[in-house]
There are 2 protein chains.
Amino acid sequence: MTVLRSGLSSACILGALAILASGAAAQTPARADSAPPAPPMPRRQPTPNDSLVSPEVSSDGRVTLRIYAPKASEVVARGDVAPSFSQPLPLTRDARGVWTGVSAPLPPGAYQYTFVVDGVATIDPKNLSTSFSQSSLNSLVEVSPTGDDFQAERNVPHGAVAVVRYHSPSLGARRMHVYTPPDYNSGKAYPVLYLIHGGGEADQSWSAVGRAGFILDNLIAAGKAKPMIVVMPAGGVGQKSAPMTSDPSKDPFTSDLLDVIIPYVERNYKVSRSPDSRALAGLSMGGIQTLNIGLTNLDKFRWLGVFSSGWFPADLQAFDTR
Amino acid sequence: MTVLRSGLSSACILGALAILASGAAAQTPARADSAPPAPPMPRRQPTPNDSLVSPEVSSDGRVTLRIYAPKASEVVARGDVAPSFSQPLPLTRDARGVWTGVSAPLPPGAYQYTFVVDGVATIDPKNLSTSFSQSSLNSLVEVSPTGDDFQAERNVPHGAVAVVRYHSPSLGARRMHVYTPPDYNSGKAYPVLYLIHGGGEADQSWSAVGRAGFILDNLIAAGKAKPMIVVMPAGGVGQKSAPMTSDPSKDPFTSDLLDVIIPYVERNYKVSRSPDSRALAGLSMGGIQTLNIGLTNLDKFRWLGVFSSGWFPADLQAFDTR
């Protein structure tokens, strides 16, 4: 076995040592020549932050957000929990310095938000759930995706959502997310859905915010979807990105998908290589990329899904059946 | 093909529409009956935050942190970039309201930190890279893990690091991370390393902070490690956790590993079931769990790795060879 050099922080080790030193070690006699006692932890005053809970979701779908910011003069929340894109959710301060805001009742789903504390955007320090886009990190709160909800984490056979690194000759180090279904080890060859995120999102958005893995698990368990592999690439290619054109050759993602990603997937996963088993879909900007790439490569993709693209390439007129 | 309902935010779609409306759509004639023009974006004043870069790593390993907080009266950074656990890194304010702090030169590695702005802990709003532990979210900065560094993202064959959900009869919905090697599709049966994180960390710590996937990729490419599957479970089991005892039956993770995780892995992955092909290792708290579980199950694990556990179970005296 090869020993991995630990990349974890010394603070972690120190914390574990402190836990040991503070009590548990006393339960069992330690060897005299084992680790020296850890230094005492620095003392600090307790604050209302210590027991603060945020976010909190009520049974009617209202999200309560809280942040401890005793010196701040204004705190608002922006994002999906706010009344609108231009109207943030205001938070009000109590005597202890805790700011609180409550959203309108929200339907089940995943909602992104950030606090703006005296003009500084920040995630919710009490919320470990986040989602990042190409340009910002957001806090993530889920409104009751439980029980029968189609996106809930149910006790059904689960697939796996993997981070996959690959090298593109023209773009360098790249990343995608790949969902494999529960019975992937069965040896079958699976169909593949290539699923592209929207503008400002990233390769993990479909799984982290869109809960794609849970939705697929539930659909497959219910017999509503065939087991498939879902490849979620990074549709944005930094400064080189130009998907908003009807010429797919101007978008570097076109070649990344056709010449690098698909060959990679078909080399490294048990997939069917038939065009009938290859689907392409995307949301918004990803929908535009689906139209641009899909309609010009109908020999490769027999299924296209376009969600909210709000745009039709000029060439689409050739497909107009009116 | 089953159509996925989008769980992505309306703000994302609105953003994409706004981009379309603002310019790119003008490059190509749109159909007269396509989407209506998007509403104008709300106007805002530019601030120094718009072009702020943080973190920035110099060639000598110094990390420069910046945050725009014009109304704040004190900003420090805590974590691995600070001089010590008890001594935070101070940031100083310039006339524009930008706070800046520079660390000492740091050796290559991954470093976690958080800002504390007027007493409020927050991640770095400009840094999309984060790592969360069981109780907090931290910003993550990497000091030159490039080129020949053993943990760099090199152009070598990459494996995949997957999030895997499973159901435990006693613990409910659980999660682990699983590394599969580059040639996993070859049909071979692989040895498995079960690798446990330290106290306060979580199942993604070895891959997110410890860069386990990159390290394995590099070791396998160099012929220094046999291709293997690395299972990184969640060693902490919430309030039920009691690893700091010499009686492994008191730690719910023991049964989770032996009765749920290992059978799950051996059912769902192409692995060798021989004890010679099963290794158990852990850092700090995970090292204690490795001692507790490994030494009492030598028929299951023929390889144990204990890093910085700082603790020896009483029964280990039976193994003392002095």
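Biologist: How many aromatic pairs are there over all chains?
Modeller: In this predicted model, a search of the whole structure finds 8 aromatic pairs over all chains, where rings of Phe, Tyr and Trp (its six-membered ring) pair if their centres lie within 6.5 Å, and planes under 30 degrees apart count as stacked, over 60 as edge-to-face and the rest as tilted. One of them is Tyr113(B) with Phe115(B), an edge-to-face pair with 5.9 Å centre to centre and 75 degrees between the planes.

Biologist: And are Tyr113(B) and Phe115(B) buried or exposed?
Modeller: Tyr113(B) is buried at a relative accessible area of 1%, and Phe115(B) is buried at 0%, buried meaning under 20% relative accessible area, exposed over 50% and partly exposed in between (1.4 Å probe, protein chains only).

Biologist: What about the rings of Tyr184(B) and Tyr190(B)?
Modeller: Their centres lie 5.9 Å apart with the planes at 35 degrees, so that pair is tilted; Tyr184(B) counts as buried at 10% relative accessibility, and Tyr190(B) is buried at 2%.

Biologist: Which charged end sits over the ring of Tyr184(B)?
Modeller: That of Lys270(B), 4.2 Å from the ring centre, where a charge sits over a ring if NZ of Lys or CZ of Arg is within 6 Å of the ring centre and within 35 degrees of the ring normal. In chain A, the charged end of Lys270(A) sits over the ring of Tyr184(A), 4.2 Å from its centre, and Tyr184(A) forms one aromatic cluster with Tyr190(A) and Tyr269(A).

Biologist: What is the partner of Glu266(A)?
Modeller: Glu266(A) forms a salt bridge with Arg273(A), with the closest N and O atoms 3.9 Å apart, and whereas Glu266(A) counts as buried at 11% relative accessibility, Arg273(A) counts as exposed at 52%.

Biologist: What should I know about the numbering and cut-offs?
Modeller: Residues are numbered from 1 along each chain as its sequence is written, while chains are lettered from A and ligands numbered from 1 in the order in which they are written. Local features need pLDDT of at least 70 and side-chain atom pairs count only at pLDDT 80 or more, totals for chains, interfaces and linings use all residues, and side-chain values use heavy atoms, with hydrogens and water left out.

How values were computed:
Salt bridge = Lys/Arg side-chain N within 4 Å of Asp/Glu carboxyl O.
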